[in-house]
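Here is a short briefing to read alongside the structure. Have the 3D view open and follow the topics below one by one.

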Amino acid sequence: MTKAGEESLASGNQRLVPAQQERRRVTWPACDLPPPVSGARRAVMATALDIKLKRANKVYHCGEVLTGVVVITCKDAIQHQGISLTMEGTVNLQLSAKSVGMFEAFYNSVKPIQLINNTVEMVKPGKLPSGKTEIPFEFPLQVKGNKILYETYHGVFVNIQYILRCDMRRSLLAKDLTKTCEFIVHSPPQKSKPTPSPVDFTITPETLQNVKERALLPKFLIRGHLNSTNCIITQPLTGELVVVSSDAAVKSIELQLVRVETCGCAEGYARDATEIQNIQIADGDVCRNLPIPIYMVFPRLFTCPTLETTNFKVEFEVNVVVLLHDDHLITENFPLKLGRL
């Protein structure tokens, strides 16, 4: 290539650079602009759906009627293909990581159990005006056949839940709207008051189990009692505890409420215990022979009357835990039976 050609090529490259920079300056800001919002998307964003129950605590019993309103708020009038209300009640069972794969039969037994599933059409296809629209409803809480409505319970491996779901169906270009609202179901009260079953306990090094080196344990004597292990779920668990003597200083005394959930079938069961709550009733080296009150309220939703069915069980226990300063942990376990009165 001649020197003139090289100069021409170089000058040509120099002429292309400003054009590329100019092109970048024109097109680059366009990349920062947000994508346009379609009219259908704007309509969905401007429409709100809500379910309001008349009963403030949202607690119902089988046979009662749920009353309330569905509130639809929209800026502009909207078309819809019908509005329906569905009542669902399900038991969801889940296996812990240690149980998965143990029994093939589990995979059939852990499918959700449907307790209730009823749907009513509230509004036929049509048009809703702009502003707020309230649609009242009355929905009876009734089961078909011999099914039982278990009490609402939120556990780790067993979950019993009841919801109302409102669906507004729309055209293909607009997204359907859905709103859910949980309500609480209480089981029927017991016909008679449970018989009190008081329990007295004494904890010494000799009464402990699962101890590797009993000779290394410090000497202690702890006495106490629970007023009843047959408990009414709306009333507290009560009793008292006395540290009669202890060679080692006491660090803490706690009450631990435990759920014991069992899932499975005839071929095998997976039983898992998990903590619900832990309440400290004494801190530090307590005075000897001083009665320490035991008082524990059962938390709502996380406890329910003791339940036993074909595929799952829900039981409860309480642990009295004494922690000594030398890091010895002393635990006394008491099975509980909960009921509703």
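In this predicted model, the second largest pocket is lined by 18 residues, and those nearest its centre are Q190, P305, T306, L338 and G339.

- Strand β21 gives the most to the lining of the second largest pocket, supplying 3 residues.
- Both β14 and β21 supply at least two residues each to the lining of the second largest pocket.
- Sorted by class, the lining of the second largest pocket holds 10 nonpolar, 5 polar and 3 charged residues.

**The largest pocket**
- The largest pocket has a volume of about 390 Å³.
- It is lined by 16 residues, and L208, Q209, N210, V211 and L329 are the closest to its centre.
- The lining of the largest pocket divides into 7 nonpolar, 6 polar and 3 charged residues.

**S228, a residue in a loop**
- Look for S228 in the loop that runs between β13 (220-226) and β14 (230-232).
- Is S228 buried or exposed? With a relative accessible area of 12%, S228 is buried, because buried means under 20%.
- The side chain of S228 reaches the backbone oxygen of N230 at a distance of 3.0 Å.
- A polar atom of the S228 side chain also lies 3.1 Å from the backbone nitrogen of S197.
- Leaving aside residues up to four places away in sequence, S228 touches T195, P196, S197, P198 and L237.
- T180 has its place in strand β11, which covers residues 177-185.
- How does T180 count in terms of accessibility, and at what percentage? T180 counts as partly exposed at 45% relative accessibility, because that value falls between the 20% and 50% cut-offs.
- T180 and R165 are 15 residues apart in sequence, and their C-alpha atoms are 4.3 Å apart in space.
- Not counting residues up to four places away in sequence, T180 touches I51, I163, L164 and R165.

Methods:
Residues numbered from 1 in each chain as written. Predicted model: local features only at pLDDT ≥ 70, side-chain atom pairs only at ≥ 80, totals over all residues. Heavy atoms only, no water. Helix = DSSP H or I, 4+ residues; strand = E, 2+ residues; numbered from the N terminus. Buried < 20%, exposed > 50% of the residue type's maximum accessible area, 1.4 Å probe, protein only. Polar contact = N/O pair within 3.5 Å; in protein donor to acceptor, adjacent residues only side chain to side chain. Contact = heavy atoms within 4.5 Å. 1 Å grid on protein atoms, 1.4 Å probe; cavity = no way out; pocket = protein on both sides within 12 Å on 5 of 7 lines; lining within 4 Å. Points joined across faces, edges and corners; volume = space filled by probe spheres on them. Nonpolar A, V, L, I, M, F, W, Y, C, P; charged D, E, K, R; others polar.
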